[in-house]
Amino acid sequence: MTEIEFLGTGTSHGVPVIGCHCPVCTSEDPHDRRWRSSILIRRGTSSVVIDTGYEFRLQALRSGIEHLDGVLYTHAHSDHLMGLDDLRVFSRDGRFPIYSTEPVLDTIKSVFPYAFKSWQYKGVPALTPVAVEERRPFNVGEIEFVPIPVMHGMMRIVGYRFGRAAYITDVSDILYDENKDVLMGIDTLIIGALRGRTHWSHFSFDEAVEAADLIGASKVYFTHMNHETSHRDIESRYAGRAKPGYDTLKVEVDDE
């Protein structure tokens, strides 16, 4: 059995948005508090995080994360990356591995060059970049992942499949014809769905459901949501087909 914990479910602004007084940003429903999107995956003794946004330290403290086998990155936009420096605690006993495609790792190394130097200033993260290839499986601890290339507007990024579950955020096209084989058999899908209206680089709620139907996923959770729609409204609108994720939600999925 694999456990997925939603560390964050918000878009780049987070929710509440600074200076906004809309109904969602001022909501007292804790489900409407959305830190930047990330998940924690636990299987057996292995723990892996996908993406480290601005609140990563707070997310790790809230979820009691004391050990990680690695971090996977979907892309190098700041809301998915800028908590990287807090990985320093996981590299105290040796270099800590981070995984993504080579172009993403190149960007990360340019943003945090000090974390990859052979000589390390005391106290900074000591990271080992591990390049992965699209649709080619790799293991982190006990967990096998398959990178799924998708489009985020004009940018090619990756989601990740693990067992019969997949995490695909910041997506505007799942490249179904290209990915048909790796999408087959996905039962639990966590997918980026920004808002009700269309957007040039993100799925809307309806578009995310259409993608889930194409994949054939029976359990669908939205993530990377902005402040235009409350948790309750999303839950009501898509009842029976999809659910809005929320920070601290835990979901168990079968490994096969």
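In what order do the strands E7 to E13 sit in their open sheet? Keep that in mind while you get your bearings.

This is a predicted model, in which local features need pLDDT of at least 70 and side-chain atom pairs count only at pLDDT 80 or more, while totals for chains, interfaces and linings use all residues. Residues are numbered from 1 along each chain as its sequence is written, and side-chain values use heavy atoms, with hydrogens and water left out.

**Stop 1: the whole chain**

Show everything as a cartoon. Along its principal axes, the C-alpha trace spans about 55 × 45 × 35 Å.

Of the 256 residues, 56% are buried. Here buried means under 20% relative accessible area, exposed over 50%, and partly exposed in between (1.4 Å probe, protein chains only).

**Stop 2: the sheet from E7 to E13**

Back to the opening question: the order is E7-E8-E9-E10-E11-E12-E13, and the pairing of these 7 strands is mixed. Two strands pair if DSSP finds at least two bridges between them. Select 138-140 for E7 and 243-244 for E13: these are the edge strands, each pairing on one side only.

Now pick 143-152 and 155-162. These are E8 and E9, which run antiparallel and are joined by 7 bridges. Click on Val150 and you'll see Ile157 of E9 standing opposite.

H4 (residues 176-183) lies across E8, E9 and strand E10 (165-168), at about 165° to E8. H5 (residues 205-215) lies across strand E11 (188-192) and strand E12 (219-223), at about 150° to E11. Axes are lines fitted to C-alpha atoms, for helices over the stretch in contact, and angles run from 0 to 180 degrees between N-to-C directions. Contact means heavy atoms within 4.5 Å.

**Stop 3**

Select 46-50 and 70-72 for E3 and E4, which run parallel and share 3 bridges. Ile50 stands opposite Leu72 in E4.

While you're on H3 (residues 102-111), click on Asp106. Asp106 is partly exposed, at 41% relative accessibility.

**Stop 3: aromatic rings**

A pair of aromatic rings is described by the distance of the centres and the angle of the planes. Rings of Phe, Tyr and Trp (its six-membered ring) pair if their centres lie within 6.5 Å; planes under 30 degrees apart count as stacked, over 60 as edge-to-face and the rest as tilted. The count comes to 11 aromatic pairs.

Phe112 is buried at 5% relative accessible area, and Tyr114 is partly exposed at 30%.

Then go to Phe222 and Tyr238, whose ring centres are 5.5 Å apart with planes at 85°, so this pair is edge-to-face. Phe222 lies in E12 and Tyr238 in the loop between helix H6 (231-237) and E13, so the pair ties together parts 16 residues apart in sequence.

Finish here with Tyr99, Phe138, Phe145, Tyr160 and Phe162, which form one aromatic cluster.

**Stop 5**

Most residues other than glycine have a negative phi, and most peptide bonds are trans. Zoom in on Val15 and Pro16: the peptide bond between them is cis, with omega near 5°. Pro16 is in the loop between E1 and E2.

Asp51 or Arg135: which is buried and which is partly exposed? Asp51, in the loop between E3 and H1, has a positive phi of about 75° and is buried, at 0% relative accessibility. Arg135, in the loop between E6 and E7, has a positive phi of about 65° and is partly exposed, at 30%.

Note on methods:
Helices (H or I, at least four residues) and strands (E, at least two) are DSSP runs, numbered from the N terminus.
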